[in-house]
Amino acid sequence: MRDLHFKDNFWNPELTCTAGYDAIIQHLTDGKRTCREVEDFMKARAAIEEKYAKELLGLSKKVCGHNEMNTLKRSLDMFKLQTEHVSLSHLTLAQTMREEARRLEDFREKQKEARKKTKKTYEQKCRDREEVEQNMNRNAGTTNTKLLEKLYTKAQHAKQTAEEADKMYVQNVLVLGKIREDWQTEHAKACEIFEKQEVERISTLRNMVWTHLNHLSQQCVTSDELYEEVRKSLEQCDIQEDIGHFINLRRTGDKPPAPVLYENFYSGQRSTGPCPSPRQPPPIIRKGPLPDPLNNTGDVVYATVQEPGYSLLHH
């Protein structure tokens with residue numbers, strides 16, 4: 001399929017019609033707007049990345065596992081360190097995006113200046129053409145009027161005037177033809193310049209978005225590499241080693257306390273067996289006969305136990 005070009009497709013049968021030129025200018029204006037929109041998108045994304053990086057950096061400075069020991073502590077420290085590295089990589093990404101936006105802005109301004117210069121030249125040629133055309137019509141109209149006025153009275157003079165007018169008319173047509181050729185040449189040149197700018201604009205936007213996605217993909221790769229360091233550190237996290245480390249660091253001894261022996265309050269003897277249940281009172285050993293409740297002497301018998309220290313009061 002044959003390639004299409006601006007210079008072959010934006011003409012008009014009417015010499016003074018600028019519809020083709022206007023269509024190209026409108027398209028370039030829309031393209032400029034697209035460049036600005038992509039530029040603003042890049043700047044906004046850079047701001048998001050910068051904010052995210054700063055928040056992540058602040059998070060990496062927070063206390064996390066301060067009281068842990070040994071391999072788990074190393075893993076948590078590695079986790080914080082790589083989080084900090086991820087935040088710094090996002091900060092670098094934000095700066096890169098801003099540089100991309102600046103390059104697009106420079107490109108947009110460059111195309112703007114080029115369009116101004118081309119448009120100025122083109123419009124001047126159009127004005128020159130219109131001026132010559134108007135001058136030709138004005139002179140031709142004046143000559144015809146004189147011919148009508150002098151046709152019957154001064155035939156010879158009218159003939160001479162007509163010849164001069166004809167010469168002027170021919171001269172004006174030749175000048176107009178030259179201006180027309182110049183205008184067509186300038187229009188074709190303008191179309192070529194505008195098409196070149198459009199090719200550059202599309203190429204620049206395509207390459208910039210492609211590069212932007214590459215940066216994002218690389219950021220994912222970088223983040224994964226940093227996270228892989230944390231995973232490697234976690235693989236070295238040995239639970240039994242950490243437990244042993246804690247034991248070795250904080251051990252207080254390897255001998256348990258001696259068993260508590262039962263000591264009878266009344267006998268003063270210690271038992272090597274287990275203590276009786278605390279809910280059971282110690283057994284009371286009575287010696288001698290019980291007191292006789294039918295004592296006839298009238299005296300109260302408090303006790304007949306001759307065991308020194310014996311008492312009916314239970315403690």
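This is a predicted model: local features need pLDDT of at least 70, side-chain atom pairs count only at pLDDT 80 or more; totals for chains, interfaces and linings use all residues.
Student: What makes Phe6 and Phe10 an aromatic pair that is edge-to-face?

Tutor: Their rings lie 5.5 Å apart, centre to centre, and centres within 6.5 Å make a pair. The planes stand at 80 degrees, and an angle over 60 counts as edge-to-face.

Student: Why is the pair of Tyr21 and Phe194 called tilted?

Tutor: The angle between the planes is 50 degrees. Stacked needs under 30 and edge-to-face needs over 60, so the rest are tilted. The centres are 6.2 Å apart, within the 6.5 Å limit.

Student: How do you know that this pair ties together parts 173 residues apart in sequence?

Tutor: Tyr21 belongs to helix H1 and Phe194 to helix H3, so the contact joins those parts. Tyr21 is buried at 6%, and Phe194 is buried too, at 1%, because the cut-off is 20%.

Student: Which helices each supply at least two residues to the lining of the largest cavity?

Tutor: Helices H1 and H3 do, and H1 gives the most, with 3 residues. The cavity holds about 50 Å³ of space. Its lining has 12 residues, and Phe10, Trp11, Asn12, Cys17 and Trp183 are the closest to the centre.

Key. Residues are numbered from 1 along each chain as its sequence is written. Side-chain values use heavy atoms; hydrogens and water are left out. On a 1 Å grid over the protein atoms alone, a cavity is a set of points where a 1.4 Å probe fits but cannot get out, and a pocket is an open set with protein on both sides within 12 Å along at least five of seven lines; lining residues have an atom within 4 Å of a point. Grid points are joined across faces, edges and corners, and a volume is the space filled by probe spheres set on the points. Helices (H or I, at least four residues) and strands (E, at least two) are DSSP runs, numbered from the N terminus. Rings of Phe, Tyr and Trp (its six-membered ring) pair if their centres lie within 6.5 Å; planes under 30 degrees apart count as stacked, over 60 as edge-to-face and the rest as tilted. Buried means under 20% relative accessible area, exposed over 50%, partly exposed in between (1.4 Å probe, protein chains only).
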